[in-house]
Amino acid sequence: MALQIYNVLHREKEPFVPLHEGRVNMYVCGPTVYDHAHVGHAKTYVAFDVVVRYLRYSGYDVLYVQNLTDVGHILDSGEDRILKKARQTQSLPMQIAETYARSYFADMDALGVVRPDISPRASGHIPEQIEMIETLLAKGHAYISDDGNVYFDVRSWPEYGKLSNRRVEEQEAGSRESVREDKRNPEDFALWKLAEPEHILRWDSPWGVGYPGWHIECSAMSRKYLGDTFDIHGGGVDNIFPHNECEVAQSEAANEATFARYWMLVGSLTVPDEFGVPVKMSKSLGNFYTIKDALKLHRPEVLRLFILSGHYRNPIVFSEEALDAARKGWDRIYG
């Protein structure tokens with residue numbers, strides 16, 4: 001029977017037919033390297049580790065690209081995550097990025113996750129991001145604000161919202177970046193932002209010294225390594241809006257081609273709150289467990305079995321009871 005994939009883009013299972021026979025080009029959104037990876041990251045990347053292994057087992061030649069975000073991931077406050085961590089620890093931004101990139105790969109190695117074929121960094125692909133922004137400006141899908149920032153004009157792309165199934169009128173302004181008065185529309189998102197004098201991460205551009213927005217990196221790097229159109233785009237379901245939605249809009253507007261043909265998004269890892277209600281594990285909520293801490297108490301095989309005990313699209317609850325059940329299951333298998 002042919003491989004079937006639930007395609008989030010169309011909300012249904014579809015037979016998997018690669019763009020090029022025998023070859024699969026796959027891009028998965030990687031972590032923002034400003035802290036140690038938590039077990040929620042493990043859920044995402046163990047799931048795609050199985051996907052890649054299965055595709056290769058099935059005879060496909062897989063090119064697996066997973067980015068590292070080391071600049072441009074903006075908090076609701078308007079701060080860059082890397083810069084915020086650097087200020088907190090009195091370190092250089094690239095020192096933070098290098099430290100936690102190494103930590104992330106060490107965690108993945110410990111979990112038996114096969115490394116991606118290419119792990120491009122946002123800071124290493126500024127020219128490609130600038131080139132794509134220039135294309136969007138030339139085609140009328142972006143504009144330079146009075147303050148000198150460059151934004152994608154969401155109203156210029158009627159299909160915006162097709163991945164997340166959200167209408168522009170229903171969307172809250174701002175999302176991951178603070179609402180700025182220099183936007184034409186509250187929903188518009190930043191492609192390039194001018195750097196304040198004290199901003200350490202800064203590059204020359206046609207619009208002045210600044211740094212890229214969060215979403216443009218994945219569009220630029222996926223095009224560089226996989227082409228205008230590729231087979232599978234993966235990531236966590238929590239990034240479907242705004243990040244993945246913005247990727248689709250700016251990529252298809254710039255390239256005039258389909259972006260990713262199949263979208264596979266992993267369900268969140270949750271932890272019980274004080275009332276026993278499952279809530280998403282995240283660093284911003286402070287309810288996360290690092291992979292390193294989990295590995296001090298459990299074998300890597302137990303963590304993998306726990307993660308793979310449910311369907312990749314479904315959320316799972318992280319608890320000592322669930323991990324104990326996974327440990328007993330692993331003991332039975334090993335025995």
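Predicted model: local features only at pLDDT ≥ 70, side-chain atom pairs only at ≥ 80, totals over all residues.
1. Residues are numbered from 1 along each chain as its sequence is written, and side-chain values use heavy atoms, with hydrogens and water left out.

2. Staying with α2 (residues 81–89), its buried residues are R81, I82, L83, K85 and A86. Buried here means under 20% relative accessible area, exposed over 50%, and partly exposed in between, with a 1.4 Å probe and protein chains only. Part of the cover over these residues comes from α3 (93–110). Helices (H or I, at least four residues) and strands (E, at least two) are DSSP runs, numbered from the N terminus.

3. How do α2 and α3 meet? Their axes come within 8 Å and cross at roughly 100 degrees, so α2 is roughly perpendicular to α3. For the terms: axes are lines fitted to C-alpha atoms, for helices over the stretch in contact, and angles run from 0 to 180 degrees between N-to-C directions; angles under 35 degrees count as roughly parallel, over 145 as roughly antiparallel, 65 to 115 as roughly perpendicular and the rest as oblique. I82, L83, K85, A86 and T89 of α2 make the contact with P93, I96 and Y100 of α3, where contact means heavy atoms within 4.5 Å.

4. On to the sheet, which is open and has four strands in the order β5-β6-β7-β8, with antiparallel pairing. Its edge strands, each pairing on one side only, are β5 (142–144) and β8 (210–212). From one strand to the next, the twist averages 20 degrees. Two strands pair if DSSP finds at least two bridges between them; β5 and β6 (residues 150–152), which run antiparallel, are joined by three. One of the partners in β6 is F152, bridged to A142.

5. Helix α4 (residues 126–138) is worth a look too: it lies across β5, β6, β7 (189–194) and β8, and runs at about 120 degrees to β7.

6. Lastly, please check D231, in strand β9 (residues 230–236). D231 counts as buried because its relative accessibility is 2%. Its side chain reaches the backbone nitrogen of N25 at 2.9 Å. Leaving aside residues up to four places away in sequence, D231 touches several others, including F16, P18, R23 and Y262.

Note on methods:
Polar contact = N/O pair within 3.5 Å; in protein donor to acceptor, adjacent residues only side chain to side chain.
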